[in-house]
Amino acid sequence: MFQGYHGFPVGSGNQRMGLGHQINADINPRWELVRGKVLSSINSADVFRGNEILEVSVVDASLMDAPSTLLGRQKIPLQPGQQFPIRFQFYYDKSRAGPGYRGLTMQARITNTTGQLMYINDTHTPLKDNVKIDIRRV
């Protein structure tokens, strides 16, 4: 099961579940599903030990000289022996985005359990369905 915005579980189809209720994304146009995979073209053969966490986020970075707005995030604990690519799927709150959706981007990072940054994406990755986010070791 995938973890959605603010850690709410995400069920199959177009439903977001949390706090004991379901929201149908077809009826509530505020929520949008994003899915894709995180890969590393430089470090593709790396094998994870199982003490790492992948965090994938949708942010609105459309405003100049202002911090980005987090629209949704998924945290995925990596398993021992897991390798790239790593698939993700979660909902984000598109009603919090600025006009035009031009500044919506994807961010990905892998940290260990102590919070030390191990991988990050360092290129602009626009939001789209079945997005591929390329990350590199730091």
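Q: Which pattern does the protein follow, read along the sequence?
A: This is a predicted model, in which local features need pLDDT of at least 70, side-chain atom pairs count only at pLDDT 80 or more, and totals for chains, interfaces and linings use all residues. Residues are numbered from 1 along each chain as its sequence is written, and side-chain values use heavy atoms, with hydrogens and water left out. Helices (H or I, at least four residues) and strands (E, at least two) are DSSP runs, numbered from the N terminus, and the protein has 0 helices and 12 strands. Read along the sequence, the pattern is therefore β-β-β-β-β-β-β-β-β-β-β-β.

Q: What percentage of the residues of the protein count as buried?
A: A residue is called buried under 20% relative accessible area, exposed over 50%, and partly exposed in between, with a 1.4 Å probe and protein chains only. Of the 138 residues of the protein, the share that counts as buried is 38%.

Q: Is Arg-87 buried or exposed?
A: Arg-87 belongs to strand S8, which covers residues 86–93. Its relative accessible area is 57%, and the cut-off for that class is over 50%, so Arg-87 is exposed.

Q: Which residues is Arg-87 in contact with, leaving aside its neighbours within four places in sequence?
A: Contact means that heavy atoms lie within 4.5 Å. Arg-87 and Gly-36 are 51 residues apart in sequence, while their C-alpha atoms are 5.8 Å apart in space. With the neighbours within four places in sequence left aside, the contacts of Arg-87 are Gly-36, Lys-37 and Ile-76.

Q: How many aromatic pairs does the count come to?
A: Rings of Phe, Tyr and Trp (its six-membered ring) pair if their centres lie within 6.5 Å, and planes under 30 degrees apart count as stacked, over 60 as edge-to-face and the rest as tilted. By this rule the number of aromatic pairs is 4.

Q: Which residues form one aromatic cluster?
A: The cluster takes in both Phe-48 and Phe-84, together with a tyrosine. Its members are Phe-48, Phe-84 and Tyr-119.
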